[in-house]
Amino acid sequence: LMKSGLSPVLYDTIYIGGEYEFQGAIRNSYRLGGMSLGFIFWSDDGVTWTWTEQPDGIGATTKCVTVVPGSRLDPPQDAFDMTSFLVTEQDVDEIGSDIIMVGGVAMMMGLAEGPLEHMFAIHFKPSAPWNPGYCGMLCVDSVFVPPSGAMVFVDMGGGAAYPTWDSPWCWSVKLLCGNPNGDNDVNVGDAVFMINHVFRGGTAPDPWQLGDANCDGAVDVGDIVFLVAAAFRFGPQPECCEY
């Protein structure tokens with residue numbers, strides 16, 4: 001898991017309002033004529049999420065899956081010349097559990113063998129009911145979905161193998177107040193974000209409470225002043241507000 005748009009960083013804790021991507025890396029010692037990989041996202045304690053649509057995203061409704069440029073899977077229509085790269089979404093209502101399947105089938109080329117390589121990503125933004133002391137968990141695991149079945153690799157002759165998977169992966173989900181840009185830190189970027197929002201009609205904090213750095217119940221110029229002072233360490237640091 002990494003923060004979207006940044007160099008790879010492993011996270012044990014992720015923050016509400018930040019945009020993240022779950023990265024899929026594949027290592028295969030022979031050319032793949034097909035694959036079917038299924039992932040289930042879920043939380044048992046109130047964490048929800050929004051699938052973040054990407055300009056080059058793949059999917060029927062979410063368009064939150066991307067292929068890594070320059071990887072062995074790029075372009076996917078060369079590797080999987082019968083189906084390109086399929087994304088199947090099941091029960092993707094962002095509540096309880098969602099399933100995303102990825103894969104493809106080849107007739108001529110297949111996916112070339114090679115070392116462990118990041119090839120695709122699933123993009124999302126965690127959310128939860130506003131609660132200053134909130135801490136929940138979000139988990140991802142492999143999934144069995146008929147008719148595709150288990151996670152499977154198929155060689156060019158049709159022989160099946162089942163990839164190894166370290167699972168499940170779980171992350172703590174918390175609130176970081178005074179962090180409207182969702183970069184997991186309170187810094188000058190948050191002040192710039194608020195200037196763009198308040199004075200230029202830019203993107204609003206999501207949830208809005210992340211922009212209420214001074215805890216006055218509104219998102220306005222007072223929060224910009226507060227965040228500038230906090231960023232340069234001559235003012236108090238934001239705390240999660242009690243409303």
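Which residues do ring pairs link into a cluster? In this predicted model, the cluster is made up of Tyr 20, Phe 22, Phe 39, Phe 41, Trp 49, Trp 51, Phe 85, Phe 120, Phe 124 and Trp 171.

**Aromatic pairs**

- The count of aromatic pairs comes to 9.
- Trp 49 and Trp 51 form an edge-to-face pair, because their ring planes stand at 65° with the centres 6.4 Å apart.
- Trp 49 has 1% relative accessibility and so counts as buried; Trp 51, at 6%, counts as buried too.
- Phe 85 and Phe 120 have ring centres 6.1 Å apart and planes at 50°, so this pair is tilted.
- Distant parts of the chain are linked by that pair: Phe 85 sits in the loop between helix 1 (76-79) and strand 7 (86-90), while Phe 120 belongs to strand 9 (residues 114-127), 35 residues apart.
- Phe 85 is buried at 5% relative accessibility, and Phe 120 is buried at 1%.

**Helix 2 against helix 3**

- The axes of helix 2 (residues 188-200) and helix 3 (residues 221-231) come within 8 Å and cross at roughly 165°.
- An angle over 145 degrees counts as roughly antiparallel, so that is how helix 2 runs relative to helix 3.
- The crossing of helix 2 past helix 3 is left-handed.

Conventions:
Residues numbered from 1 in each chain as written. Predicted model: local features only at pLDDT ≥ 70, side-chain atom pairs only at ≥ 80, totals over all residues. Heavy atoms only, no water. Axes fitted to C-alpha atoms, helices over the stretch in contact; angles between N-to-C directions. Helix = DSSP H or I, 4+ residues; strand = E, 2+ residues; numbered from the N terminus. Parallel < 35°, antiparallel > 145°, perpendicular 65-115°, else oblique. Left-handed = near helix turned anticlockwise from the far one by under 90°. Phe/Tyr/Trp six-rings, centres within 6.5 Å; stacked < 30°, edge-to-face > 60°. Buried < 20%, exposed > 50% of the residue type's maximum accessible area, 1.4 Å probe, protein only.
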